[in-house]
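Dear colleague,

I am passing on a structure to you with this email, and my notes on it follow below. Please keep it open beside the text as you read.

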Amino acid sequence: MEDAPDANGVVWRYARSGSNTVTLVGYSSAGKMPRGEVRLPSITDDGYIVTGIGARALAGTGITGVTLPERAETIEAQAFKDCTGLTSVNLQTGRVREIGAAAFANTG
């Protein structure tokens, strides 16, 4: 499932992970690639709560900073791998309980 483009033109993609929750799995080529400081959505346009960041979801993008969704609990393997300019991660409320292997490999 996808949202409409956000304020920066990024079209986020999701996979359902529960009855009212989703995992952000990446972005669509129908929109722009995430760049610079990025605030990941906490809720989808359809009202699903974002509780995870999928494997390789933002790998290799030009992000320099990221604010995770308020209710994010998991960051899967290689989610931010090769984001060489990434120098800051805001975990918000600190709900993250699992970070997959190499989630931040080769980042700033």
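In the protein chain, 46% of the contacts with a separation of 6 or more are between residues 24 or more positions apart, where contact means heavy atoms within 4.5 Å. Please bear in mind that this is a predicted model, in which local features need pLDDT of at least 70 and side-chain atom pairs count only at pLDDT 80 or more, while totals for chains, interfaces and linings use all residues. Residues are numbered from 1 along each chain as its sequence is written, and side-chain values use heavy atoms, with hydrogens and water left out.

As for secondary structure, the protein chain has 0 helices and 8 strands, both taken as DSSP runs numbered from the N terminus (helices are H or I with at least four residues, strands are E with at least two). The radius of gyration, taken over C-alpha atoms, is 12 Å, close to the 13 Å that the globule rule (2.2 Å times the number of residues to the power 0.38) gives for 108 residues, so the chain is as compact as a globular protein of that length. Along the principal axes, the C-alpha atoms fill a box of roughly 35 × 30 × 20 Å.

Of the 108 residues, 40% count as buried, which is to say under 20% relative accessible area, whereas exposed is over 50% and partly exposed lies in between (1.4 Å probe, protein chains only).

Which residues form an aromatic pair that is stacked? The count comes to 1 aromatic pair, and it is formed by F80 and F104, at 5.2 Å centre to centre and with 10 degrees between the planes. The rule behind this is that rings of Phe, Tyr and Trp (its six-membered ring) pair if their centres lie within 6.5 Å, and that planes under 30 degrees apart count as stacked, over 60 as edge-to-face and the rest as tilted. F80 lies in the loop between β6 (74-75) and β7 (88-90), and F104 in the segment after β8 (98-99), so the pair ties together parts that are 24 residues apart in sequence. F80 counts as buried, at 0% relative accessibility, while F104, at 28%, counts as partly exposed.

Finally, S88 has its place in strand β7 and is partly exposed, with a relative accessible area of 33%. Leaving aside neighbours within four places in sequence, S88 is in contact with E37, T64, G65 and V66. S88 and A30, which are 58 residues apart in sequence, are 27 Å apart in space, C-alpha to C-alpha.
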